[in-house]
Amino acid sequence: MNQKAFEYEVAFSFTAQDEAIATQLNDLISDRLQTFIYSERQKEIAGRDGQEAFSEVYAEKARLVVVLYRESWGRTPWTRVEMDAIKNRSLNDGWDFTVFIPTETKPSVPPWLPKTRLYVGLERWGVEGAAAVIEARATESGAIVREETIKERAARHERKEELRRKQLQFLNSDEGVNAARAAYASVKTIIEGYATSLQNLNIQFKDHNDFAVVRGRRGINLVISWWPTYSNSLENVFFKANYYKGLPRLRGYMTFDKAVARKSRSGLLPVYRTRG
């Protein structure tokens, strides 16, 4: 147990894609623990050298550092600063001051993290379960958790509803639809890049605006699609990726045999607006 006094009991490190998760986690524990999350504390570090301010938080001022990890974490300007501070601190403190929470569909952690370090799986624990783990880890490390008052609990639930309202407002707006369009275009560009690099294997990519086809070997094809029904709403609009043996009926393609679905995935596109 670390009895040292810290300015923050928990500090969150994350990329823009995971700000919503970080905000939810922070809101579940901030009434009982002193926390640091960039969007809430930016006024405190305004006017200071950003690199120095962030380094201090993750290297010295926070008892526990929670990293919402995805592959791009540590590669953006600010998370690179945070990563360096965390790695440098580990030389003296070890890794017990960290909690890593993978946020991508296929969970992973940084390759330099010791193999013995366990991570918190969001799919298994959920946001509330992950918050409980963070609180428990902070307590084990010496943090004093104060009891949440009825007024604070009511305020927390009110903030939760306000966040949900803003999310729905964003998803039902021109801004939300345009962000999703940009995300879909980005996904297609990435897939096209992979297909182009494999052209020597007869992998071909064809874009048809509202859907795209990657034609593979042995008649295995990938069809991706996304198209909003309305210009200002993403309600019931999902990105879909389907693998087929053969080709289903698609505009502009001649098909003679029935396509057999092999694998499919669908979900909301990752649209976001804030921190990098």
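Two strands are taken as paired if DSSP finds at least two bridges between them. Strands S3 and S4 meet this rule, running parallel and joined by five bridges. The model described here is predicted.

The sheet is open and has four strands. Their order is S2-S1-S3-S4, and the pairing is parallel. Strand S2 (35-36) and strand S4 (98-102) form the edges, each pairing on one side only. Helix H1 (residues 19-29) packs on this sheet and touches S1, S2, S3 and S4. The direction of H1 makes about 165 degrees with that of S1. Strands of a sheet pair through backbone hydrogen bonds, either parallel or antiparallel.

Strand S1 (residues 8-13) pairs with strand S3 (residues 62-69) in the parallel sense, over five bridges. Within this pairing, Val 10 has Leu 64 of S3 as its bridge partner. S3, H4 and S4 together make a right-handed β-α-β unit. A further helix, H5 (residues 122-140), lies across S1, S3 and S4. H5 runs at about 170 degrees to S4.

Strand S4 pairs on one side only, yet five of its five residues are buried, so S4 is largely enclosed by the rest of the structure. Both of its faces are covered. Thr 98, Phe 100 and Pro 102 are buried on one side, and Val 99 and Ile 101 are buried on the other.

Two buried polar residues were examined in and beside the sheet. Arg 63 is located in strand S3. Its relative accessibility is 6%, under the 20% limit, so Arg 63 counts as buried. The side chain of Arg 63 makes a polar contact with the side chain of Glu 9, at 2.5 Å. Ser 90 belongs to helix H4 (residues 77-93). Ser 90 also counts as buried, at 11% relative accessibility. A polar atom of the Ser 90 side chain lies 2.5 Å from the backbone oxygen of Lys 87. Leaving aside residues up to four places away in sequence, Ser 90 touches Trp 95 and Phe 97.

The count of salt bridges comes to 13. One of them joins Glu 7 to Lys 61, with the closest N and O atoms 3.6 Å apart. Glu 7 lies in the segment before S1 and Lys 61 in helix H3 (residues 50-61), so this pair ties together parts that are 54 residues apart in sequence. Both partners are partly exposed: Glu 7 has a relative accessible area of 42%, and Lys 61 has a relative accessibility of 23%. Glu 7 and Lys 61 are also linked with Glu 56 in a network of salt bridges.

A second salt bridge connects Asp 18 and Arg 70, whose closest N and O atoms are 2.9 Å apart. Asp 18 sits in the loop between S1 and H1, and Arg 70 in the loop between S3 and H4, so the pair ties together parts that are 52 residues apart in sequence. Asp 18 and Arg 70 are both buried.

Glu 161 pairs with Arg 164, the closest N and O atoms being 3.3 Å apart. Both residues belong to helix H6 (residues 150-171). They are three residues apart, about one turn of the helix. Glu 161 is partly exposed at 44% relative accessibility, and Arg 164 is partly exposed with a relative accessible area of 40%.

Backbone angles were also examined. Most residues other than glycine have a negative phi. Asn 209 has a positive phi of about 70 degrees, although it is not a glycine. Asn 209 lies in the loop between strand S5 (204-207) and strand S6 (211-215). At 45% relative accessibility, Asn 209 counts as partly exposed. Arg 218 likewise has a positive phi, near 55 degrees. The loop holding Arg 218 runs between S6 and strand S7 (220-225). Arg 218 is exposed, with a relative accessible area of 68%.

Note on methods:
Residues are numbered from 1 along each chain as its sequence is written. This is a predicted model: local features need pLDDT of at least 70, side-chain atom pairs count only at pLDDT 80 or more; totals for chains, interfaces and linings use all residues. Side-chain values use heavy atoms; hydrogens and water are left out. Contact means heavy atoms within 4.5 Å. Axes are lines fitted to C-alpha atoms, for helices over the stretch in contact, and angles run from 0 to 180 degrees between N-to-C directions. Buried means under 20% relative accessible area, exposed over 50%, partly exposed in between (1.4 Å probe, protein chains only). A polar contact is a pair of N or O atoms within 3.5 Å; within protein, one must be able to donate a hydrogen and the other to accept it, and residues adjacent in sequence count only if both atoms are side-chain atoms. A salt bridge is a side-chain nitrogen of Lys or Arg within 4 Å of a carboxyl oxygen of Asp or Glu. A crossover is right-handed if, with the strands pointing away from the viewer, the path from the first strand over the helix to the second runs clockwise.
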